[in-house]
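Subject: Structure handover

Hello,

Here is the structure I promised to pass on. Please open it beside this email and follow along.

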Amino acid sequence: MSPGSGASTSLDGGSFDTFLEGWLVRHEHYLEELLTAQQQCSEYQGDDVKDLITRVLSHYQQYFEEKSRVAQRNVFLVFAPTWLSSLECASLWITGFKPGFALRLVFSSVQDLSREQSERIERLMEETKVEERVLNDELARVQESVAAPPLLEMARKQARRTNVEGGREEALLTLRKALEEVVAGADLLRMTTTMKVVEMLKPEQNVRYLTAATQLFLNLRNLGLPKDANTKG
């Protein structure tokens, strides 16, 4: 932390960095539990598996809730998150994972889907594509509204917590509100899509699906951080 930055820590990524450090420790523990449940499925009772699934989903919900708090304080920051590697940032869609990708992950991680399950997931994929396009169009409209260089520079200043000219304050507030609504819509789509998938799958299928998702998150991070370190070095 640079000198004098303490006052803004709660307003930028500093507080999320602290949250993420603990969240990742728990994330690795959940991955261990999921792998154990997957490998020793005969020893896990139905209630145990359901409890694990509930706890893992709550774990992800905590991430979204904390990220939402950051967006409410400084929405520009979640579009260029300082807590993620360049590789992780490159995989983002409106500040998080793309819901359609989560659906494709079902087909690659769960090999025993019934025909009915496959058809329901395929229908959900089509519905999700429509929702994604709506959000893409909305974000594009917001971006077009700030195409003028002065407003773009104003957004950069706000992300860096530097002063904004008084005459631009009203436009900045409008921009922030619009971006916050798009991010909230994208996060809602992510969570509702995930919950719909979980409802479609059997408990043991959910264990495989959540294991794949949890591993993917860690793999991206473990690949991205060393690359960034080497680039800086």
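**The largest pocket**

The largest pocket holds about 690 Å³ of space. A total of 28 residues line the largest pocket, and those closest to its centre are Tyr60, Gly96, Phe97, Ala213 and Phe217. Find these five in the viewer before you go on.

Which elements give two or more residues to the lining of the largest pocket? They are helix H2 (46-73), helix H5 (99-109), helix H8 (169-200) and helix H9 (203-232). H9 gives the most, with six residues. By class, the lining has 21 nonpolar residues, four polar ones and three charged ones.

**The chain as a whole**

Bear in mind that this is a predicted model. The chain has nine helices and zero strands. From the N terminus on, its elements run α-α-α-α-α-α-α-α-α. Of the chain's 233 residues, 41% count as buried.

Now look at contacts along the chain. Take those with a separation of 6 or more: residues 24 or more positions apart account for 77% of them.

**How H2 packs with H8**

Two packed helices are described by the angle between their axes and the distance between the axes. For H2 and H8, the angle is about 175° and the axes are 10 Å apart. An angle over 145 degrees counts as roughly antiparallel. H2 and H8 are therefore roughly antiparallel to each other.

Which residues meet here? On the H2 side they are Ile53, Leu57, Gln61, Phe64, Lys67, Ala71, Gln72 and Arg73. On the H8 side they are Arg176, Glu180, Val183, Asp187, Arg190, Met191, Thr194, Met195 and Val198. Sorted by class, this contact has eight nonpolar, three polar and six charged residues.

Start with Phe19. Its place is in helix H1 (residues 14-39). Is Phe19 buried or exposed? Its relative accessibility is 17%, so Phe19 counts as buried. Leaving aside neighbours within four places in sequence, Phe19 is in contact with Arg26, Gln62, Tyr63 and Glu66. Phe19 and Lys67 are 48 residues apart along the chain, and their C-alpha atoms are separated by 9.7 Å.

Next is Phe76, in helix H3 (residues 75-78). Phe76 has 10% relative accessibility, so it counts as buried. Along the sequence, Phe76 and Leu179 are 103 residues apart. In space they are 8.1 Å apart, C-alpha to C-alpha.

Then go to Arg221 in helix H9. Why does Arg221 count as buried? The cut-off for buried is under 20% relative accessible area. Arg221 is at 12% relative accessibility, so it counts as buried. Apart from neighbours within four places in sequence, Arg221 is in contact with Leu20, Leu24, Trp83, Leu84, Glu88 and Pro226.

Finish with Glu122, found in helix H6 (residues 115-145). Glu122 has a relative accessible area of 43%, so it is partly exposed. Glu122 and Leu103 are 19 residues apart in sequence. Their C-alpha atoms are 8.4 Å apart in space.

Best wishes

Terms used. Residues numbered from 1 in each chain as written. Predicted model: local features only at pLDDT ≥ 70, side-chain atom pairs only at ≥ 80, totals over all residues. Heavy atoms only, no water. 1 Å grid on protein atoms, 1.4 Å probe; cavity = no way out; pocket = protein on both sides within 12 Å on 5 of 7 lines; lining within 4 Å. Points joined across faces, edges and corners; volume = space filled by probe spheres on them. Helix = DSSP H or I, 4+ residues; strand = E, 2+ residues; numbered from the N terminus. Nonpolar A, V, L, I, M, F, W, Y, C, P; charged D, E, K, R; others polar. Axes fitted to C-alpha atoms, helices over the stretch in contact; angles between N-to-C directions. Parallel < 35°, antiparallel > 145°, perpendicular 65-115°, else oblique. Contact = heavy atoms within 4.5 Å. Buried < 20%, exposed > 50% of the residue type's maximum accessible area, 1.4 Å probe, protein only.
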